[in-house]
Amino acid sequence: MRRTPVTQLPAWLALGSHSAALKSLHLRDLFASDPGRAERFSVKAEGLFLDYSKNRITDETLGLLLQLARESGLAESIEAMFRGDAINLTENRSVLHTALRAPKGAEILSGGVNVVPEVHAVLDKMEDFAERVRSGAWTGHTGKRVRTVVNVGIGGSDLGPVMAYEALRHYSDRDLQFRFVSNVDGTDFAEAVRDLDASETLFLVASKTFTTLETMTNAQSARQWLVGELGDESAVAKHFVAISTNAKEVSKFGIDTANMFGFWDWVGGRYSMDSAIGLSTMIAIGGANFREMLAGFHAMDVHFRTTPFERNLPVLMGMLGVLYTNFFDAQTAAVLPYDQYLKRFPAYLQQLTMESNGKSVTLDGVAVDYETGAIYWGEPGTNGQHSFYQLIHQGTKLIPCDFIGFANSLNPLGAHHDILVANLLAQAEALAFGKTSDQPHRNFTGNRPSNMILAERLTPGILGKLVALYEHAVFAQGIVWQINSFDQWGVELGKVLAMKIVPELQATGDPELGHDASTNALIRWYRGHRA
């Protein structure tokens, strides 16, 4: 049965009328007329404190947003996801990244089978391997222990591990170094291994099918480099492991399938950092810290599933995003973490949010006539203040901001953290309230919305909660927009065309080209100019 278009739901129509009046309200006036606003529009849950009072909302706005969530069937969709229903309709799959962090003894069904025991079997295997690497029990071809781990992947097989390693570097084993290769540009691989000792290097090759073009191109280069350095094909088995499900290709590559770590088709790449894709993270921070991160994920899962929408962190954040995207014409959203360890968090969220909700066709196959996913971007801490904050403060675009900060630094140093947090709080204040001036170029209009997300300190558990918070906020938005947040057909066409162009670039003579005139000319230019 075809859904009622979201634009025809009563709450959507009411928000359209309500937002027209809302645009004339200023945050200065909303705070001045309501002494309890900050307390009323804030939530403490699972070690996180969300202050969303600096959003351009009233009690009526919030009520309509939550009504829209209910009319969109969000509660039923949440249950369907956690139940293991095949809610990824275009691929006929369950969506069970939540099973990756479910505790032992839980039951989550996919196709009638409880997947939790298999998840924990892989986790136990990962932990055993990670501890052997960390302790030095795992040795390379020449008998030396591993000193450098190189993760080879792309997309979710790279962005999640990179972000998690940087975010949790404080907890990592400093006797090990970690590098990440993703770009098929040969420079990425060349610079990653330039100063490495092959006898002390371990490669983790992350590709579910073991056929991903970019990943396997880099993996083959890594194999050639290692064999060239050590002079023995048999060395591959001691210096490569696979995160894959294709045992045939893994074995063909020269990797012992005993060192193959699997995952499942009900886990999308951008939701996989807490699966075997996180093997580099587990090696870096150890099994106990990795499981603490999983517990953080799970705590937010439970919160999302069981908490009334009025106090539900992902629902609140997701619906505020809907408000700005659809009723304020905001095109982007900035994520601004005031912690250097989270420097790759905005990049990670770019894939999570934009690959999930960058869709223009509904689940019913109808073209949307409203905006979907925002463009996400950001930089850490005060760096951004000396870069793009000018546009946020005084530019012509409305850019909702998520600020993230911590009460305690993991590296206390003089007054550094107080200065950092002072800047964090000051920026949100300045955006909301602005400043009037007789000199126009010094006038700050304010009324620029933001969320403030705070925690005591950045721990593995808190990182898990932050990631799950955004995962579920994205899901909530997808349900309202009636799109599938869990497929990514948009990345396929470019891959197909690239596979056609590669042999045309490499062919001898003058190959016949069947592309458009521009692409044909570009191929000829490249062939004529390459060395």
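**Entry 1: the sheet**

Before I start, one term: two strands count as paired if DSSP finds at least two bridges between them. I am also keeping in mind that this is a predicted model.

In what order do the strands of the open sheet lie? I traced five strands and wrote down β6-β5-β7-β8-β9, with parallel pairing. Next I looked for the edges and found β6 (177-181) and β9 (260-261), each of which pairs on one side only.

I then zoomed in on β9. Strand β8 (residues 240-243) runs parallel to β9, and two bridges join them.

Which strands does helix α8 lie across? I found α8 (residues 186-193) over β6 and β7 (201-206), with its direction at about 165° to β6. Helix α9 (residues 213-230) packs on the sheet too, and I listed its touching strands as β5 (148-152), β6, β7 and β8. Between the directions of α9 and β7 I noted an angle of about 160°.

**Entry 2: two helices together**

A handy reminder for myself: a packed pair of helices is described by the angle and the distance between the axes.

My pair here is α13 (residues 287-306) and α19 (residues 460-481), whose axes come within 7 Å and cross at roughly 35°. I noted the crossing as right-handed. From α13, the contact residues include M293, F297, M300 and F304; from α19, they include L463, V467, L469 and F475.

What kinds of residues make up this contact? My tally reads eleven nonpolar, five polar and four charged. Among the contact residues I also spotted E292 and D301 on α13, and K465 and E471 on α19.

Definitions and conventions
Residues are numbered from 1 along each chain as its sequence is written. This is a predicted model: local features need pLDDT of at least 70, side-chain atom pairs count only at pLDDT 80 or more; totals for chains, interfaces and linings use all residues. Side-chain values use heavy atoms; hydrogens and water are left out. Axes are lines fitted to C-alpha atoms, for helices over the stretch in contact, and angles run from 0 to 180 degrees between N-to-C directions. Helices (H or I, at least four residues) and strands (E, at least two) are DSSP runs, numbered from the N terminus. A crossing is left-handed if the near helix is turned anticlockwise from the far one by less than a right angle, and right-handed if clockwise. Contact means heavy atoms within 4.5 Å. Ala, Val, Leu, Ile, Met, Phe, Trp, Tyr, Cys and Pro count as nonpolar, Asp, Glu, Lys and Arg as charged, and the others, Gly among them, as polar.
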